[in-house]
Amino acid sequence: MTPAAEITKQNSWGNEYECLVCGVKDIFLATIPCHYCAKDIEHEHVLKACRGKYSDGDGWCEDGNVNVAYCHECNDDKKSVFYIDGHWSCVTCFDRGWQAVSCPHCDEFVTGDMDTIKYFACVRCEDAVRAELVKDGFNKTL
């Protein structure tokens, strides 16, 4: 049997692979089994474990702070983006590779496009900023 995908890189948090049929690249994440029952650990426990292990952030983060960000991709209600193996990685939707920054509008620590965050809003405050723009008479299609 010929494989349909090839692992291109192995990481501690999962494997990067490429489909040999269509060429799509994606990530297959490693699961974390419970030491007692061998079932996958629930999301809340994954977040707690990551907070304990991956809270330092990158070189732009202040030392001593817990640097866990909100994800702009899945918009999880809980902070789920950690700096793991040199990348900001969401443990909810598995999106990675973005930068993380404190939003200048609402001061939340978030991932996303830095220009959008700087000049408009982040995932946490964009609805409020958009509503304020509409209130001030700007186009409602923003």
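Modeller: Two strands count as paired if DSSP finds at least two bridges between them, and strands (E, at least two residues) and helices (H or I, at least four) are DSSP runs numbered from the N terminus.

Colleague: Which residue stands opposite valine 81?

Modeller: Cysteine 90 in β5 stands opposite valine 81. Strands β4 (residues 81-84) and β5 (residues 87-90) are antiparallel and pair over four bridges.

Colleague: What is the basis of the model and its numbering?

Modeller: This is a predicted model, in which local features need pLDDT of at least 70 and side-chain atom pairs count only at pLDDT 80 or more, while totals for chains, interfaces and linings use all residues. Residues are numbered from 1 along each chain as its sequence is written, and side-chain values use heavy atoms, with hydrogens and water left out.

Colleague: How many residues lie between β4 and β5 in the hairpin?

Modeller: Two residues lie between them, and aspartate 85 in this turn has a positive phi of about 50 degrees.

Colleague: Is aspartate 85 buried, partly exposed or exposed?

Modeller: Aspartate 85 counts as partly exposed because its relative accessibility is 46%; buried means under 20% relative accessible area, exposed over 50%, and partly exposed in between (1.4 Å probe, protein chains only).

Colleague: And where is asparagine 75?

Modeller: Asparagine 75 lies in the loop between α1 (43-53) and β4. Although asparagine 75 is not a glycine, its phi is positive, at about 55 degrees. Most residues other than glycine have a negative phi. Asparagine 75 is partly exposed, since its relative accessibility is 37%.
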